[in-house]
Amino acid sequence: VGCKAILVFFQYGVMANFYWLLVEGLYLHILLVLIFSPNRHFTIYLLIGWGIPTIFIITWTVTRIILEDTGCWDTNEHGGPWWVIRIPILISIIVNFILFVSIIRILLQKLRSPDVGGNDQSQYKRLAKSTLLLIPLFGVHYTVFALFPDRSSNNYKIIFELCLGSFQGLIVAVLYCFLNSEV
């Protein structure tokens, strides 16, 4: 029972990570699209970041108990319970990637406006810098292997996600906290 409980909390943490990345993307997109929005939707963000993973982890736990209650739940012989977790994570990755592309499009439009000074090269440098800053914030690196089956790309996926994912928190902390004078 203890092993299963630990695995449930582990899966909850993984899913919450993806949904908090989605919340960051939604928040930034809303800031860029609705410039004069007085409502910050904090409660909705909390419900997305913590609530959606809770619903799916409870559903996953119940399906594991009913369909595949063997061992410590660390293997997936039947696909049903695994997809209860996998599909919401894939949806969050896809929506976050769409938000990322939309934000890059908005930044490109703002850089091309006549109010922004500078030559083309400086504008593209600013766009490249903004894009590189947004990649760890949005977790864009997860889209590389998101749609591949786990068995076909497992070795490369582990190496790629460990290399990029393990530094995601550090990169976000350095870029958005330590190098930001407002913080």
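## Nonpolar surface patch

V62 is found in helix α2. The model described here is predicted. With a relative accessible area of 43%, V62 is partly exposed. Together with I58, I65, I66 and L67, V62 forms a nonpolar patch on the surface. The accessible area of these residues together is about 500 Å².

## Disulfide link

The count of disulfides comes to one. The bond joins C3 and C72, whose sulfur atoms lie 1.5 Å apart; this separation falls within the 2.5 Å cut-off for a disulfide. C3 belongs to helix α1 (residues 2-33), while C72 sits in the loop between α2 (42-67) and α3 (79-112), so the pair ties together parts that are 69 residues apart in sequence. The angle about the S-S bond is -90°, and the link of C3 and C72 is left-handed.

As for accessibility, C3 has a relative accessible area of 42% and is partly exposed. C72 has a relative accessibility of 16% and therefore counts as buried, the limit for that class being under 20%.

## Aromatic contacts

Five aromatic pairs are present in the structure. One of them is formed by W20 and W50: the ring centres are 5.5 Å apart and the planes stand at 70°, so the pair is edge-to-face. This pair links distant parts of the chain, with W20 in helix α1 and W50 in helix α2, 30 residues apart.

W20 counts as partly exposed at 24% relative accessibility, and W50 counts as partly exposed at 42%.

Technical notes
Residues are numbered from 1 along each chain as its sequence is written. This is a predicted model: local features need pLDDT of at least 70, side-chain atom pairs count only at pLDDT 80 or more; totals for chains, interfaces and linings use all residues. Side-chain values use heavy atoms; hydrogens and water are left out. Helices (H or I, at least four residues) and strands (E, at least two) are DSSP runs, numbered from the N terminus. Buried means under 20% relative accessible area, exposed over 50%, partly exposed in between (1.4 Å probe, protein chains only). Patches are made of residues with over 30% relative accessible area and no salt bridge: like charges are joined within 9 Å, nonpolar side chains (Val, Leu, Ile, Met, Phe, Trp, Tyr) within 5 Å. Accessible areas come from the Shrake-Rupley method with a 1.4 Å probe; for residues, only the protein chains shown count as cover. A salt bridge is a side-chain nitrogen of Lys or Arg within 4 Å of a carboxyl oxygen of Asp or Glu. Rings of Phe, Tyr and Trp (its six-membered ring) pair if their centres lie within 6.5 Å; planes under 30 degrees apart count as stacked, over 60 as edge-to-face and the rest as tilted.
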